[in-house]
Amino acid sequence: MKNQQIHQQELKISELEKIAEKNVHLEERLQVLQQQNEDLREQIDKNLAVSRQLSEENANLQVHVEMESKEKKRLSRTNEELLWRLQTGELSPHMTPSSSPIHHPASGPGSPARPHSYHQ
C-alpha cells in the first residue's frame, strides 16, 4: 500500500512540475504580450498625433484651395468683364487694365447692355 501511495504522490509531483513549467512558460508569454501591448499603445499614440497633424494640415490646405478658387473666380470675372468691354468698345485695345475705368463702368450694373451671367 505504501508503494501505491508513493506512486500516486510521484504522479501528483510530476503533474505539479508540469503545471509549474506551464506557469513559467505562460508568465514569459504574458511578459512578451504585455511588452507588445505597450509597444502597440505607443504606436497608437504616435499615429493619433500624426493623424491630428495631418487633419490640421488638410484643413489648412482646404482653406488655401478655397481662397485660390475664389481668387480664380474673381480673376475670371475680371477677365470676362475686360473681354466684354473690349468687344463693346468700352475699353480700347491700347489701354492697360490699370488705366481702364473698370471700377467706374459707363453703364450701371442693371444696364441691359451688360451681361448678367458672370461665373460666381
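**Figure 1. Salt bridges found in the whole structure.** A search of the predicted model finds three salt bridges. The pairs are Glu66 with Lys70, Glu71 with Arg74, and Arg85 with Glu81. Each pair is shown in its own view below.

**Figure 2. Close-up of the salt bridge between Glu66 and Lys70.** The closest N and O atoms of this pair are 3.5 Å apart. Both residues belong to helix α1, which covers residues 2–88. Glu66 and Lys70 are four residues apart there, so about one helical turn separates them. Glu66 has a relative accessible area of 48% and is partly exposed. Lys70 has a relative accessibility of 53% and counts as exposed, because the exposed class begins over 50%.

**Figure 3. Close-up of the salt bridge between Glu71 and Arg74.** The side chains meet at an N to O distance of 2.6 Å. Glu71 and Arg74 are three residues apart in helix α1, which means that they are separated by about one helical turn. Glu71 is partly exposed at 35% relative accessibility, and Arg74 is partly exposed with a relative accessible area of 38%.

**Figure 4. Close-up of the salt bridge between Arg85 and Glu81.** The N to O distance between these side chains is 3.0 Å. Arg85 and Glu81 lie four residues apart in helix α1, about one turn of the helix. Both Arg85 and Glu81 are buried, that is, under 20% relative accessible area.

Definitions and conventions. Residues are numbered from 1 along each chain as its sequence is written. This is a predicted model: local features need pLDDT of at least 70, side-chain atom pairs count only at pLDDT 80 or more; totals for chains, interfaces and linings use all residues. Side-chain values use heavy atoms; hydrogens and water are left out. A salt bridge is a side-chain nitrogen of Lys or Arg within 4 Å of a carboxyl oxygen of Asp or Glu. Helices (H or I, at least four residues) and strands (E, at least two) are DSSP runs, numbered from the N terminus. Buried means under 20% relative accessible area, exposed over 50%, partly exposed in between (1.4 Å probe, protein chains only).
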